Amino acid sequence: MYQYDAVDQEFVADRAREFREQVARRLSGELSEDQFKTLRLMNGLYLQLHAYMLRIAIPYGSLNARQMRRLAHIGRTYDRGYGHFTTRQNLQFHWIKLRDAPDILDQLAEVDMHAIQTSGNCIRNVTSDPYAGATAEELDDPRVWSEAIRQWSSLHPEFSFLPRKFKIAITAAPNDRTAAKVHDIGLMIRRGRDGQLGFEVIVGGGLGRTPYVGPTIAEFLPANRLFSYLEAILRVYNRHGRRDNIYKARIKILVAALGAEEFARQVAEEWAKIGPEGDLPDTELARIRGAFATTVFEALPATSEVFETAKAADPALARFARNNLRPHKKPGYTIVEVSLKTIGDTPGDATSDQMDVIADLAERYGQDDIRVTHEQNLVLPHVRLDDVPEVFAQLQATGLASANVNLISDIIACPGLDYCALANARAIPVAQQIAQTFADPDRAEAIGELKIKISGCINACGHHHVGHIGILGVDKKGEEFYQLTLGGSGAEDAAVGKMLGPALPYDKVAAAIDTLVEVYLRERHEGERFLDTYRRTGVEPFKEAVYADAH
Amino acid sequence: MPTLIRRQDDDQFILGDDPFTAVADDEGLPPGDVIISFARFQAEGDRLLAEGRAVGVRLEPAEEVEALAYDLPRIAVVALAFPKYRDGRAYTAARLLRQRFAYAGEVRAVGEVLREQAGFMVRCGFDAFAPADGASPQDWAHAVHRHRHVYQRAADLRTPAYVEREGG
């Protein structure tokens, strides 16, 4: 966890004070809603179907117990006792009153949090690997770079009115848990032949109406040249990105129109002119690195008797261990995934009480460290194996012990027509139906890793393009229909899914997913995930089965 | 004489006179100092300068500052247009004028210029403002000075956080 210094604290406090003034001008009628819109959007405040929605930044998905408790408190005091974790590792409250928003920002500032740049055509919250600092896979701690980018991008004088929003993801592990290749910029930390750290720079990926897996424009950018290079990319985009059509304004459209090679050439040309003056000094990077709270690990045996005994006695714990634990870099420790995909509930939602429990667990058993994943789950990154039975018991008691991470009921869904003014169709109830269809945990485990992602409209907030099975809600003459895509992936093997066939009505979706799964179970070879089988067989057997059923 | 908000060297803001007349391409030229389009400057700039007038050039967002580079020493004002407040291209133009071309003349923000942009504009090197929202120099100063810290180096002289920290 990065510790704010006085500069960081005063920065968010100033921002909160500015917003309080702006809200006062709106409430007094000095500003019209139209004039106010741009101001509130710079502070993460949206006007949705029923109320204001406030999106709070959780930089690179990292927070501590005190911050989580504050979010719980805000949910309880100003919302309806719950919040929604998003695919960009942020938190949304959906039932906010405008007059409360300044108080909420003050409350956030007190715990070193903010809502800066969670909306608007600016550089948004940087997303990163939720296992950072805990996984043995990583080459460096991506949070250091994420925090440096957070600071550099905050109220950037030149890049706060871009053609469109701008999202950056950073990962330092070969297993990409950030969907880096479908971001405006994806940064993958690499080590050069001489041992030097650098970045593979991917630009122009994205979802929405026009999905792209981004091309690499620099194979190896020396790490200490990152900021001048980012400046060059953003400047080329700011000058040349389209501003005549909101749907063609993302950087992916510019990169695709120019071609990756020509875009890379323009960036290189601009980069040469900027020179090292645009870089952050090594001393500041070292300071940021040092400002992360140190985690102290005990020397422990690789296996824990307490844990093994408890697992043998409790099949539910054993199932949780199989599906929700991930290897930690230190022996005797584990990464615990806490699923926010309890069957029947809204994906990504957590109640204030649950947030408090997570905060307690993090404090007592998890080095005061909590992460949010882009798949809308939470992570306790540093838990001793000895403590897993107790953590599991407390998760069970608060209804957060679903052992379904990466399984078919671990579904990403956007808020959809239940909340969002843009949506064409509901997403949450579809997710709930599918989860219920696969409620049998043995069957879900037998199916294995299967990522279903649901968007309620073509803006693709539910990442349907990169779902192993993607579901897109469309409106057909006032009725909700759903288009299925297969074969997408947001991971290191990123791909955009292909359409299965004609859209299905609302009440046929869960059954169609069941059919797809049956085809997979029939066709799969040993060790294949759904995605692997699909890639081998192609769409035909799946298509045949789903549309045979439909007749 | 019309007025403008001007930034002074001590980072204070005052209401200043504007001796320039902004002239559209289809208008006749009045006597005195004028701000004209880039196209008109290319056609008539030499003559106007020879007459002893001060000449400013208005650049639309799609017009690149590089095209002006050679003429900058003779241009008294570069007026960068914000057809909409959302159009952020002029921020890049201003920074390049100041930092890449070391332009020392006036960089003026015209068009949909609102107090909420003031901080960004000053940081990018603008020093004259024709606000569209009726903002006063006090409003402008308030908006510009609201943040005690900045995280980036830009075209102004503000010390970025990473330098400030070294001092502390």
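**Sheet, helices and chain contact**

Reply: Strand E8 (residues 185-191) of chain A and strand E9 (residues 197-203) of chain A pair in the antiparallel sense over seven bridges, where helices (H or I, at least four residues) and strands (E, at least two) are DSSP runs numbered from the N terminus, and two strands pair if DSSP finds at least two bridges between them. This is a predicted model, in which local features need pLDDT of at least 70, side-chain atom pairs count only at pLDDT 80 or more, and totals for chains, interfaces and linings use all residues. Residues are numbered from 1 along each chain as its sequence is written, while chains are lettered from A and ligands numbered from 1 in the order in which they are written.

Me: Which residue stands opposite Gly186(A) in E9(A)?
Reply: Gly186(A) has Ile202(A) opposite.

Me: And what is the strand order in the open sheet of chain A?
Reply: The order is E6-E7-E8-E9-E10, five strands with mixed pairing. Strand E6 (127-128) and strand E10 (216-222) of chain A are at the edges with a single partner strand each, so one side of each has no neighbour in the sheet.

Me: Which helix packs on the sheet?
Reply: Helix H6 (residues 226-240) of chain A does, touching E8, E9 and E10 of chain A, and its direction makes about 10 degrees with that of E9(A). Touching, or contact, is counted when the C-beta atoms of two residues, placed from the backbone, lie within 7 Å, and axes are lines fitted to C-alpha atoms, for helices over the stretch in contact, with angles from 0 to 180 degrees between N-to-C directions.

Me: How do H5 and H9 of chain A cross?
Reply: The axes of helix H5 (residues 142-153) and helix H9 (residues 282-290) of chain A come within 9 Å and cross at roughly 115 degrees. On the H5(A) side the contact uses Val144(A), Glu147(A) and Ala148(A), and on the H9(A) side Leu285(A), Ile288(A) and Arg289(A). Those residues divide into four nonpolar, no polar and two charged, where Ala, Val, Leu, Ile, Met, Phe, Trp, Tyr, Cys and Pro count as nonpolar, Asp, Glu, Lys and Arg as charged, and the others, Gly among them, as polar.

Me: New topic: is Asn424(A) buried or exposed?
Reply: Asn424(A) is buried, because 20 other C-beta atoms lie within 10 Å; a residue is buried with 20 or more other C-beta atoms within 10 Å of its own, exposed with 12 or fewer, and partly exposed in between, the C-beta atoms being placed from the backbone. Asn424(A) is in the loop between strand E16 (412-413) and helix H14 (428-437) of chain A.

Me: What does Asn424(A) touch?
Reply: Not counting residues up to four places away in sequence, Asn424(A) touches Gly456(A), Cys457(A), Gly473(A), Val474(A) and Asp475(A). Asn424(A) and Glu480(A) are 56 residues apart in sequence and 7.1 Å apart in space, C-alpha to C-alpha.

Me: How many residues does each chain give to the contact of chain A and chain B?
Reply: Chain B gives 24 residues and chain A gives 27 residues. On the side of chain B that touches chain A, helix H2 (89-100), helix H3 (118-124) and helix H5 (161-167) of chain B each supply at least two residues.

Me: How many helices and strands are there in chain B?
Reply: Chain B has five helices and eight strands, and of its 168 residues 42% count as buried.
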